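Got your viewer open and ready? Let's walk through this one stop by stop, selecting a few residues at a time.

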Amino acid sequence: MTLKLNGTNSEAAPAYAGDDADTGLQCGTNELKLVTGGTARATVDSSGNVGIGTSAPVSALHVEEGDIRIDTADNGTQALRFSDRNTTKAKIQYPDTAEKLHLITSGSTRVVTITSQSRVGIGTTTPSY
């Protein structure tokens, strides 16, 4: 395969391509895109965020089409979110100030809590056993 440099540097004709002219790397302003079939599939932005299925990642790893996202939640805790596009349906969140793992449904309802003492609460965030 021959590496080709293309002067148009668009998604339809990325700057660095092989034998397939619409598949390769597109260099943008402070970003790099992986392009297949003339469509950007993955983006690395100027903050080092990687987006798969999105050209505007909002976290270190943002998977848009797969509806799974690993990020920092609004209150600074880490979260694994399961969503329908940008609407969070459920998430696993850790840690909070009390070192608990929370399973959360849409919105902010904590349905299961696991403490650092291995206590499990269903419907309560302060399980006693």
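## Start on the surface

Select Leu-5, Tyr-16, Leu-25, Leu-32, Leu-34 and Val-44: they make a nonpolar surface patch of about 510 Å². Patches are built from residues with over 30% relative accessible area and no salt bridge, joining like charges within 9 Å and nonpolar side chains (Val, Leu, Ile, Met, Phe, Trp, Tyr) within 5 Å. Areas here come from the Shrake-Rupley method with a 1.4 Å probe, and for residues only the protein chains shown count as cover.

A word on what you are looking at: this is a predicted model, in which local features need pLDDT of at least 70 and side-chain atom pairs count only at pLDDT 80 or more, while totals for chains, interfaces and linings use all residues. Residues are numbered from 1 along each chain as its sequence is written, and side-chain values use heavy atoms, with hydrogens and water left out.

## Zoom out

Now show the whole chain as a cartoon. How many helices and strands are there in the protein chain? There are zero helices and 13 strands. Both kinds of element are DSSP runs numbered from the N terminus: helices are H or I with at least four residues, strands are E with at least two.

Of the 129 residues, 29% are buried. Buried means under 20% relative accessible area, exposed means over 50%, and partly exposed is in between (1.4 Å probe, protein chains only). The chain exposes about 7800 Å², with carbon and sulfur atoms supplying 54% of that. Among contacts between residues at least 6 apart in sequence, 3% join residues at least 24 apart; a contact means heavy atoms within 4.5 Å.

Two strands pair if DSSP finds at least two bridges between them. Lys-33 faces Thr-43 across this pairing. The two strands form a hairpin with two residues between them, and Gly-37 in the turn has a positive phi of about 60°.

Keep going to strand 6 (residues 50-52), which pairs with strand 5 in the antiparallel sense over three bridges. Val-44, another patch member, stands opposite Val-50. This hairpin has five residues between its strands, and Gly-48 in the turn has a positive phi of about 90°.

Show the side chains of Glu-11, Glu-31 and Lys-33, which are linked in a network of salt bridges. A salt bridge is a side-chain nitrogen of Lys or Arg within 4 Å of a carboxyl oxygen of Asp or Glu. Lys-33 meets Glu-11 at 3.4 Å, N to O. That pair links distant parts of the chain: Lys-33 is in strand 4, while Glu-11 is in the loop between strand 1 (4-5) and strand 2 (16-17), 22 residues apart. Lys-33 also bridges to Glu-31, with the closest N and O atoms 3.7 Å apart.

Is Lys-33 buried or exposed? It counts as buried, because its relative accessibility is 11%. Glu-11 is partly exposed at 28%, and Glu-31 is partly exposed at 25%.

## Two loop residues

Most residues other than glycine have a negative phi. Select Asn-30, which has a positive phi of about 60° although it is not a glycine. Asn-30 is in the loop between strand 3 (24-28) and strand 4, and it is exposed at 57%. Then jump to Ser-118, another non-glycine with a positive phi, about 65°. Ser-118 lies in the loop between strand 12 (110-115) and strand 13 (120-122) and is exposed at 62%.

## Last stops

Pick His-62 in strand 7, residues 61-63. His-62 is buried, with a relative accessible area of 4%, and a polar atom of its side chain lies 3.1 Å from the backbone nitrogen of Val-58.

Next, colour the two faces of strand 9 (residues 78-84): Ala-79, Arg-81 and Ser-83 are on the covered face, while Gln-78, Leu-80, Phe-82 and Asp-84 are on the uncovered one. Strand 9 pairs antiparallel with strand 10 (residues 87-94) over seven bridges, and Phe-82 has Ala-90 as its bridge partner there.

Finish at Tyr-129, in the segment after strand 13. Tyr-129 is exposed at 75%. Leaving aside neighbours within four places in sequence, Tyr-129 is in contact with Arg-119 and Val-120.

Methods: A polar contact is a pair of N or O atoms within 3.5 Å; within protein, one must be able to donate a hydrogen and the other to accept it, and residues adjacent in sequence count only if both atoms are side-chain atoms.
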